[in-house]
Amino acid sequence: MGSSSQQPHDSLPNVLIVDDSPDVHRLLRARLRDLNVNFINAHNGSEAMEMAKELNPAIILLDLDMPDIDGFEVLRKLKDDGSTVNIPVIVISGLHATEDKVTAFDLGVIDYITKPFELSELRARVRSALRIQMLLNMLSERAHVDGLTGLWNRSHFDSRWEEEVAASLRHSRPLSLAIIDIDHFKSINDIFGHPVGDVTLQTVAKVVQSCSRETDIACRYGGEEFVIIMPETPPDAAVKLCDRIRNTLESLTWPQMPERVVTASVGVAGCKSTPKLDALEWIALADQCLYRSKEGGRNKTTFAQVDEASAPRLADAG
């Protein structure tokens, strides 16, 4: 697939170790190094909360007896926060009392290991927790992946788009959205059959993904339409990327239909700083630009600036 940060991917999981003892950190890192994970250290509860939110670890190994915020309060905060509620937590604690264990499980931990611990047992429990979390992540990720093209699906787009528009508004940063529609796609299905239509969609998806950058979020929007969310990208830069997609697509040869040239029309709506439209209005403006590209003869890119409320216009390269 494409970007490690934006597309479905495989990467080393992060394991957050939360303990006020440097010796415990050194011991765990040394004895669990064969698990093929990235270890992150937090030495108090406040640090743990910041790292959990920022890095979204695959699992947290949490001590309960800490000086500033104890482990029970860290657990409460983790489970009360929507961004950290699903991170599995294994308690590694010197507290042996039954009521402490019951409280921890009531707060949502998946395992409770008492100190001093047997390292082989700890390794097995952590490995098991990581395996379960990996399977859950795979199931969750597949629910957001389009089965035909392998790009993110409409559900993923809907959630990410809301987030990116909010971030653009909050930080006054550039953001662009492109809607890409395959020209005359229905005739491909009608003349050459739906299997060829599926191959066409898969090939276009590969072109979209290969031309996109690491930070871009490419999705199948539905039918023969694709969308690209482009964070930190003003509309003029977005137009260049979309024209690269159009030109690459137009240059392809198709073994199943050798005399056919496949093209796409594109609508781009973007801002250089603070947007003046909400997420749905922004999509509507990009869709209006796409309509102008279709009306203008197809195989064109039309764009508008959200922060200037400008009328859609054809890109110079269109």
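Helix axes are lines fitted to C-alpha atoms over the stretch in contact, and angles between them run from 0 to 180 degrees between N-to-C directions. Helices (H or I, at least four residues) and strands (E, at least two) are DSSP runs, numbered from the N terminus.

This is a predicted model, in which local features need pLDDT of at least 70 and side-chain atom pairs count only at pLDDT 80 or more, while totals for chains, interfaces and linings use all residues. Residues are numbered from 1 along each chain as its sequence is written, and side-chain values use heavy atoms, with hydrogens and water left out.

**Helix packing**

| Pair | Angle | Axis separation |
|---|---|---|
| α8 (residues 194-211) and α9 (residues 235-250) | about 140 degrees | 9 Å |
| α7 and α8 | roughly 140 degrees | within 7 Å |

Angles under 35 degrees count as roughly parallel, over 145 as roughly antiparallel, 65 to 115 as roughly perpendicular and the rest as oblique. Helices α8 and α9 are therefore oblique to each other, and so are α7 and α8. The crossing of α8 and α9 is right-handed, meaning that the near helix is turned clockwise from the far one by less than a right angle.

Contact means heavy atoms within 4.5 Å. On the α8 side, V204, V207, V208 and C211 meet L241, R244, I245, T248 and L249 of α9. In the other pair, F185, I188, N189 and F192 of α7 meet H194, V196, G197, T200 and L201 of α8.

**Backbone details in loops**

The peptide bond joining K115 and P116 is cis, with omega about -5 degrees. P116 lies in the loop between β5 (111-114) and α5. H184, a residue other than glycine, has a positive phi, near 55 degrees. The loop that holds H184 runs between β6 (175-182) and α7 (185-192).

**Charges and surface**

Side chains of opposite charge can pair when their charged atoms come close. The whole structure contains 20 salt bridges, each a side-chain nitrogen of Lys or Arg within 4 Å of a carboxyl oxygen of Asp or Glu. One of them links K77 and E73, whose closest N and O atoms are 3.9 Å apart. These two residues are separated by about one helical turn, because they are four residues apart in helix α3 (residues 71-80).

I132, L136 and L139 make a nonpolar surface patch of about 310 Å². Patch residues have over 30% relative accessible area and no salt bridge; like charges are joined within 9 Å and nonpolar side chains (Val, Leu, Ile, Met, Phe, Trp, Tyr) within 5 Å. Accessible areas come from the Shrake-Rupley method with a 1.4 Å probe, and for residues only the protein chains shown count as cover. I132 belongs to helix α5 (residues 119-142).
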